[in-house]
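Here are my notes on the model you sent over. Have it open in a viewer as you read.

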Amino acid sequence: MTLDREPTVIARTVVRLVVPLILVTAIALLFQGHNLPGGGFIAGVLTVTAFALIYIIFGLDYLETELLDRNPGVRYETESGIVREYGLVFALGLAVAAGSGIAAMALGFPFLTQGVVFLKGLPIYHELEVASALAFDLGVYAVVVGALLTILAEVGAE
Amino acid sequence: MLPFLGAALAPLAYRVLGEQTAYFAALVAAACLALVASLFGTHGTVVVPWIPSYGVSLAFYVDGLALLIGTLASGVGVLVFTYSGGYMHGEPGQAKYYATLLAFMGSMLGVAFAADLIALFVFWELTSVSSFLLIGHYQDADASQYAARKSMLITVAGGLFMLVGFLLLHVVATSVPGVESAFRLAGEGSIIANAEPMVNALRAQGLFVPVLLLVGIGAATKSAQVPFHIWLPNAMEAPTPVSAFLHSATMVKAGVYLVGRFRPLLLTDEWTLVFGVLGLATMTVTAILAVAASDIKELLAYSTASHLGLIVAGYGMGKYLGAETGAFHILNHALFKAALFLVAGIVAHEAGTRAIDELGGLAEDLPITAGITVVAALGMAGLPPFNGFYSKEFLFHAVYETAAYAVAHGGSPLWWLLPAVAVFGSVFTFLYSIRFLMLFFGEKPDALGEVHAPPLAMTIPAAVLGVLALVVGLGGVTATFGVHLEPLEQFVGSVMESSLAHGGEGEHHAFEYYLPTKVTPWLIMSAVTIGVGAVAYPFYDRIRDAIRAVRGVDPLRPNWYYDGVTEGLDRSSAIDVIQTGNLRTYATALSLALAGLALGAYAAAGVTIPAITYAGLEPALVVVLFVAVVGAVAVAAAPSHISGVLTLSILGFMVAIFYILGSAPDLALTQLVIETLVLVIFLLVLDKLPAFYGTPDRLRAARDALVAGAVGLTVAVTVLLSTAQTPDDVIAQYFVANGGVPAEHGPIFYDAGGGGNIVNVILVDFRAFDTLGEISVVAMAALSVITLIAMRERGEIQ
């Protein structure tokens, strides 16, 4: 799914600058989701957008060669290569989401009961609200990122 | 349940242990066996609520019958896993194999102990599914696929019949006063504990015979009774340990178990007729087919069906010894047949062939195996003093008494057919048993290469089963001289009691068995069987050829019907019309169906479209909506794909702005990001497509316009209707009240959401279960993409 011609320097530079910004925004959205607009799903989709930019501008193999520092696996091979890692991501996400529900069961509450803990006397924050729903949201985030990236990589490889 | 945990851990264990996983699995099975053994002598019910709103629970009931099946499942399980360690050496897919086999064992234990109709059904179907996976273990072989599909179709379809029967029972049970829990099968306040009022209520509603037949079909498909026996011989495509485990000792016993379990409830004259005839017909037909078999596993498969027929026939007999026959033969058959399957596996593994004609004189090379075979095969033949003799003697006794009783009470002389058929079928049983035994004796064919000695892991399990069979057989000999095998007799007695009808049947006495000491009609029946069998054996080949000739006639073969139906469905022209493979067709069908159903429902409910009010329509909204409409028109008029997609995204972004104006920032944010992503993906795909397809012809354009119009109309009407009806907003108020941080709260609380973003709190807290379902769907979509693309690359799509 790389472009037929080499992308311009402008595009490359902009993407280099923008992708970290998008990722940070996505993570911010994930963590503030409890009290402000945001949440696991939207953060996940935003993260995927960042990756999609990388794919388009730098090509499919860029992630593997530059970031993971290894040779990209054979295309179309689902048993290995980065698709396998994406698969791990969404499998882990499902496990985290379901596990957060089972944890509630282990404590004697119905499946997926969420609780909130207020931590006091912390430096800087003074008081921090920690919701157990965040764990569930992390699961959602991971599933969305893993699944969409899998689709993107598989379809993009066509 | 332990085995399911074991199944989940099996792939992990495989990574650590490699081929030693067999022994890990055997350990799990041994733990189950110990658990089951610890239940011996106990009696009762354990209830865990499952779906309380429907009164469905995960109830487990312990009695003799359940313990017998449970012991078989876990005990034979231990042996089979050990055996697999030798047999599966170097075979592919071992992690999957052990995981499925353990899961199967768990479901089988579930079937044995389940005391709730729904739970029983679920475990029942689980055994079908795991059996499907195990039969199809060699995924690439056509024969495996065919066999797996066939067994799945037949047993699952039978299970559905059974489910209907269960539901009918449940409906009737709700109106019977003594029944406290209408789904409970056994135990206090259950259906079986109130058998008499249940039968009366069933009869009053005319449902007795339907329930009997439905449950009977379930049992018959699972236990491979005629004419559903056809899946069992094909199932021999599975690895041999699987055949030994599923298709001799456990899964096929599930149907028999069902018959034994329902016997106290449904035992009547109809019962005797249905199951007596079914059992004896199966016993005879499949025994004849076994003689015609050319492969040792095929022979054993048909003989399994035949012996299951014997058990069913035993349970069918009401007046005398029926329950004894069933209970005792379940045990005996499991012992000798599992042993024989393991022997067959050893033979196939070491001699390299399973064809009967190519084998012979194996005793020289496999002396221990030959010894096991002598015990097991003679037991199968029903020769005294081996174990099969006693239960066969019970059957002869039971059918004789039943027939005599029926005729004495004015029944037609046709009842005498029962004992006659029983003897006739047993002659063939004798024939094929001896044929199997003769694999080990006589001349060794020259074509047979060198036969190696099997590994210990394979010999020991078979030997254990053989010794047990021998002990049961010798118990009868010692009992003749007054020394009874007490634990065994007590155990079988308790199994028998589970199947005894309330109010007693005939003479009720403790279970015991021994060699006959005086001449009786049923002893003569046994003698005739053995005598005729011995006389006929020299003509075995001729008999076999004759049977094969008859078997060749198509309309006599159930397989012919099965293949005809499945192939007919496969090739029918309906598929070409419905499955065009054209995305446009599917989209049209889906959209029209959706619109039609929704509009039809509105019309049926007689709703009126409310008047449209324009209150609260701000100028900004009007502008946004106007741009959106312009965008929509532009999409339809777009000259190329690229411009179409770009104008479509105008529409999308306008919707996002609309959300912002409607003070829904979360929605707007999501819409924006999704819109961007979709646009990117669209552009990527479009890069590969032709820029434009050309002008569609008028007919097609008109059809598309119709579909689009119908969908648009449906959506518009739905929006109008759903926004006009403003309920009292109970749930929204609840969310608002409980979504935020309560005014007074401790450091930890869990009864409120505690979040400022109510949308997100709903998503991850109040409605977390829905979200869990949604992300599962997302993950599933990704998996499908992987599978589709990977499969296409491997060229598996035809």
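1. Conventions. Residues are numbered from 1 along each chain as its sequence is written, while chains are lettered from A and ligands numbered from 1 in the order in which they are written. This is a predicted model, with local features needing pLDDT of at least 70 and side-chain atom pairs counting only at pLDDT 80 or more, whereas totals for chains, interfaces and linings use all residues.

2. Confidence in chain A. The average pLDDT (the predictor's confidence in each residue, from 0 to 100) is 75 for chain A, and 71% of its residues score at least 70. Helix α1 of chain A (residues 9–32) does best with a mean of 86, and strand β1 of chain A (residues 116–122) is lowest at 64. Helices (H or I, at least four residues) and strands (E, at least two) are DSSP runs numbered from the N terminus. I'd look at residues 74–79 of chain A, where pLDDT is below 50 and the stretch has eight contacts beyond near neighbours in sequence. A contact here means two C-beta atoms, placed from the backbone, within 7 Å.

3. Overall make-up of chain B. There are 31 helices and three strands in chain B.

4. The domain pair. Chain B is assigned domain 1 (1–171 + 228–253) and domain 2 (267–571), with bounds from an automatic or database domain assignment. Across the boundary, 28 residues of domain 1 of chain B contact 36 residues of domain 2 of chain B. On the domain 1 side, α3(B) supplies the largest share, 12 residues.

5. The cores. Which residues have the most contacts inside the largest nonpolar core? They are A339(B) and L340(B), in a core of 198 residues; such a core is a set of buried Ala, Val, Leu, Ile, Met, Phe, Trp, Tyr and Cys residues joined through C-beta atoms within 7 Å. Helix α14 of chain B (residues 322–351) gives the most to this core, with 18 residues. Domain 1 and domain 2 of chain B each contribute at least three residues to this core. Leaving out residues up to four places away in sequence, A339(B) touches I372(B), A376(B), A462(B), L465(B), G466(B) and A469(B).

6. One residue to check. L126(B) sits in helix α5 of chain B (residues 117–135). L126(B) counts as partly exposed because it has 18 C-beta neighbours inside 10 Å.

Technical notes. A residue is buried if 20 or more other C-beta atoms lie within 10 Å of its own, exposed if 12 or fewer, and partly exposed in between; C-beta atoms are placed from the backbone.
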